Structure formats: structure tokens, C-alpha cells
Amino acid sequence: MKLLVVGGAGYIGSHTVRQLRAAGHRVVVLDNLSSGHAEALPDDVELIKADLLDFPSVKAALEAHQPDAVIHFAALIEVGESMRAPARYYRNNVVGSLNLLQAIVETRKVPLVFSSTAAVYGTTDAVPIPETAALQPESVYGETKLMTERMIHAFHTAHGLPYTVLRYFNVCGAAAAGDIGEAHPSQSHLIELACMTALGQREKMLIFGEDYDTPDGTCIRDYVHVQDLADAHVLAVEALHAGQADAATYNVGLGHGFSVKQVLDAVDAVVGTPLEREIAPRRAGDPPRLVADATKIVQDLGFSPQFTDLQEIVQTAWNWHKGHPHGFEK
Ligand SMILES: NC(=O)c1ccc[n+]([C@@H]2O[C@H](COP(=O)([O-])OP(=O)(O)OC[C@H]3O[C@@H](n4cnc5c(N)ncnc54)[C@H](O)[C@@H]3O)[C@@H](O)[C@H]2O)c1
Ligand SMILES: O=c1ccn([C@@H]2O[C@H](COP(=O)(O)OP(=O)(O)O[C@H]3O[C@H](CO)[C@H](O)[C@H](O)[C@H]3O)[C@@H](O)[C@H]2O)c(=O)[nH]1
């Protein structure tokens with residue numbers, strides 16, 4: 001297949017580009033490089049520098065490259081920032097996605113794989129969370145992802161657009177080769193921040209809330225390795241191309257969770273010295289517990305995560321950060 005990967009220069013996108021090529025597919029990336037890195041892409045992958053908010057450029061890219069399917073990663077992704085700057089999030093994530101959908105149906109109406117998030121569930125009594133759980137996001141970020149899921153479904157109903165939505169839980173780790181990894185400009189993710197702290201770039205780790213209704217009082221998340229997640233995209237796009245799993249939504253996670261303190265313990269063990277920790281107030285928009293019921297993607301697509309050990313996952317992140325203390329900057 002020839003694939004257009006939108007947001008493919010970002011963290012998850014660049015790992016997925018690599019897995020798609022390993023599976024024998026051709027790839028073109030469209031990205032505005034607002035948080036992505038051209039250096040994260042193989043030299044021979046074409047990068048179209050364009051913004052989803054620029055509809056003519058998006059449509060021109062689809063017309064020029066005639067992809068067999070589109071994978072859509074492009075978004076602003078920070079829960080905390082989304083609560084402070086809602087307009088940016090609604091514009092970029094919802095209007096940007098609407099432009100992409102419109103451009104797809106005006107050109108080749110090819111299948112779409114979309115990056116959604118566990119943040120669409122918000123606080124729920126269901127643990128683990130099945131895809132059928134109530135959708136009640138607690139952050140603007142989660143709202144923008146749910147709105148986009150609903151737009152995609154409406155385009156499916158109205159125009160027959162085939163799609164797969166993947167709701168990722170907490171994505172982490174780096175390529176086993178250690179040459180690409182997480183390099184988000186404003187760094188808000190727990191494992192990334194802990195690695196920066198271990199490198200001496202931050203003084204200490206703040207734990208956002210120790211008074212949640214969880215065994216150690218800190219939030220629980222389901223940490224899925226980025227390489228396993230990339231494999232999930234390969235499975236999803238190949239199934240869509242084969243005419244299977246049309247209009248499906250899947251959780252992508254391991255099915256078990258770790259608390260903030262357990263993650264920091266794993267980082268301490270991998271790094272070899274304990275990081276300084278401080279208990280801080282809760283962060284707005286954080287649900288106490290998000291763990292995937294990933295049965296459906298295992299059954300339908302044969303998803304089979306390779307990274308299930310927390311220390312092993314953290315080790316891949318640490319290898320990347322240690323070797324690239326300033327990300328892709330030289
Ligand atoms: N990282 C996680 O833990 C996580 C969890 C759940 C869902 N997701 C979703 O996965 C996707 C990828 O996340 P990531 O961690 O790789 O983030 P990222 O910031 O590394 O990647 C996003 C990419 O999209 C590009 N982009 C953003 N807005 C754009 C626009 N308007 N036009 C063109 N390109 C644009 C950025 O430059 C970047 O390369 C996002 O949609 C995010 O919501 C991420
Ligand atoms: O310095 C920090 C950073 C994070 N945390 C805590 O660690 C947990 C994980 O936080 P992250 O920022 O790493 O990830 P989130 O759970 O907030 O969000 C991530 O996973 C979500 C789904 O679970 C969304 O998909 C979202 O895009 C993605 O950023 C949260 O309880 C957070 O409060 C801290 O205690 N201290």
C-alpha cells in the first residue's frame with residue numbers, strides 16, 4: 001500500500017512510519033512540524049510540510065500522492081495545556097481533522113485510521129475499560145478527540161468512509177534501536193519527564209496528587225510501548241485495506257495499570273539512583289484510573305504486545321534519552 005501519514009514526524013507517527021516500511025508499505029508524511037521532527041523520519045520518506053488548517057494544501061497532497069489509506073496522528077496532545085488554551089485545541093484538533101475528512105471525501109474516499117485516546121472515557125467505574133464504556137471526557141483535549149471520532153463516524157454514515165479509531169492509553173518507550181524516541185517540545189509525559197530528571201535537566205519529579213482512591217493514592221495508567229502501538233496501526237490499516245473491521249473502534253493498551261509511584265520506582269531501578277520526588281496538587285483533567293480492556297483488538301486484529309514488563313519499557317525510553325539528552329537537537 002501507499003500510505004499518507006499525517007502527523008508522521010511526531011513521536012508515535014515516526015515509529016509507525018518505520019513499522020509500515022518494515023511491513024513493505026510506501027509512506028508519504030504530511031506534518032506542519034509544530035511538534036514533529038524531520039530528523040525522526042528515514043531519509044527517503046517524502047515529507048510534505050503543510051498544516052491541516054490549510055485545506056487546499058491537504059487536498060493537493062491527497063491528489064498528488066493518491067494514497068491507498070490515510071493514518072491521522074496530527075494533534076495537540078497535552079491534557080493540562082488544553083485546559084488553559086481550549087481554542088487552540090478545538091481549532092487544531094477538530095477543525096484540522098474536519099479539513100482532512102473533507103479533503104479525503106472530495107478526492108479518493110480512502111480508509112482512515114485515527115489516533116484517539118483513553119481520555120475520551122474520563123472517570124469511569126469500569127476497570128478495565130471496554131470500548132462500550134460511557135464517553136465523558138474531563139479535559140478539552142479528550143473532548144476534541146471525541147468530537148473527531150464522531151465526525152469520522154458521520155462521514156462514514158454519509159459518505160461510506162471506512163475507518164478504524166484506535167484509542168491509545170499511555171504511550172511510552174522508544175524504538176529498541178534507541179535512535180528515535182519521545183521529544184515533545186513542552187514535555188509533560190511522566191516517563192519522559194522522569195528521564196529528563198535523571199539526566200539532571202530537572203531538579204525533581206512532582207507527583208500530581210497522592211489522595212486519589214487508588215492503592216498508593218497516585219493515578220493509575222495503562223502504559224503501552226510505542227513500538228507495539230505502531231504494530232497496531234499496521235494491523236489496522238491492513239485490515240481496512242482488506243475490507244475488514246470497517247467502522248471499528250479499538251482500545252490499545254496492555255490491560256493492566258501502574259501507578260505514578262510504581263512508574264517512578266521503575267525509573268529509579270533502571271537509572272540506578274532514586275530521583276527526588278515531591279507531592280504536588282492534583283493536575284486538572286486527570287482521571288484517577290485508566291486501564292484498557294484490550295480484548296477486542298486482540299481478537300479482531302491479532303494485536304500481540306511484545307513489551308509487557310514496566311522496567312523493560314522504561315529501559316527503552318532511558319536508552320533514547322541518555323543517547324539524545326536534547327532530543328533531535330544537535
Ligand atoms: N503520546 C500519547 O501518550 C498519546 C496517547 C493517546 C493518544 N495520542 C494521540 O496520538 C497522536 C500522536 O501523538 P504523539 O505523542 O506522537 O504527538 P506528537 O506531538 O509527537 O505528534 C503529533 C504530530 O502532529 C503534527 N501536527 C500537529 N498539528 C498539526 C497540524 N495542524 N497540521 C499538520 N501537522 C500537525 C506535529 O507536528 C507532530 O509531528 C495524537 O493525535 C495524540 O492525540 C497520544
Ligand atoms: O510530572 C508529572 C507528570 C505526570 N504525572 C502523572 O502521571 C500520570 C500520567 O501523566 P501523563 O502526562 O504522562 O499522561 P496522561 O495520562 O495525562 O495523558 C496521556 O494519556 C492519555 C490517555 O491515558 C491521553 O491519551 C494523552 O494524550 C496522553 O498525554 C498522570 O496521573 C499525571 O498526573 C505526574 O504525577 N507528574
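Which strands and which helix do the buried residues of H1 pack against? Before following that up, a word on conventions. This is a predicted model, in which local features need pLDDT of at least 70, side-chain atom pairs count only at pLDDT 80 or more, and totals for chains, interfaces and linings use all residues. Residues are numbered from 1 along each chain as its sequence is written, while chains are lettered from A and ligands numbered from 1 in the order in which they are written.

Let's start with the whole chain. The protein chain has ten helices and 14 strands (DSSP runs numbered from the N terminus, with H or I of at least four residues for helices and E of at least two for strands). Its radius of gyration is 19 Å, close to the 20 Å that the globule rule gives for 330 residues, so the chain is as compact as a globular protein of that length; the radius is taken over C-alpha atoms, and the rule is 2.2 Å times the number of residues to the power 0.38. Along the principal axes, the C-alpha atoms fill a box of roughly 55 × 45 × 40 Å. Of the 330 residues, 49% count as buried; here buried means 20 or more other C-beta atoms within 10 Å of the residue's own, exposed means 12 or fewer, and partly exposed lies in between, with C-beta atoms placed from the backbone.

The domain assignment gives domain 1 (2-171 + 223-252) and domain 2 (175-221 + 255-291 + 307-323), with bounds that come from an automatic or database assignment. Where the two meet, 27 residues of domain 1 are in contact with 24 residues of domain 2, a contact being two C-beta atoms, placed from the backbone, within 7 Å. On the domain 1 side, H1, H3, strand E10 (223-225) and H7 each supply at least two residues. The centres of the domains, taken over C-alpha atoms, are separated by 25 Å.

Now back to H1 and the opening question. Ten of the twelve residues of H1 are buried, so this helix is largely enclosed by the rest of the structure. The buried residues, among them Tyr11, His15 and Arg18, pack against strands E1 (2-6), E2 (26-31), E4 (69-72), E5 and E7, and against helix H7 (226-241). Just after H1, Gly24 takes a positive phi of about 95°.

H1 also takes us to ligand 1. Of the 27 residues around this ligand, Gly7, Gly10, Gly36, Ala74 and Ala75 come nearest; a residue belongs here if its C-beta atom, placed from the backbone, lies within 6 Å. The elements giving two or more residues to this shell are H1 (11-22), H4 (86-106), E5 (112-117) and E7 (170-172), and H1 gives the most, with three. By class, the shell divides into twelve nonpolar, 13 polar and two charged residues, where Ala, Val, Leu, Ile, Met, Phe, Trp, Tyr, Cys and Pro are nonpolar, Asp, Glu, Lys and Arg are charged, and the others, Gly among them, are polar.

Finally, look at ligand 2. Thr117, His189, Leu190, Phe208 and Cys219 come nearest among the 22 residues around it. Its shell draws at least three residues from each of domain 1 and domain 2. Strand E8 (205-208) gives the most, with four residues. In this shell there are 15 nonpolar, four polar and three charged residues.
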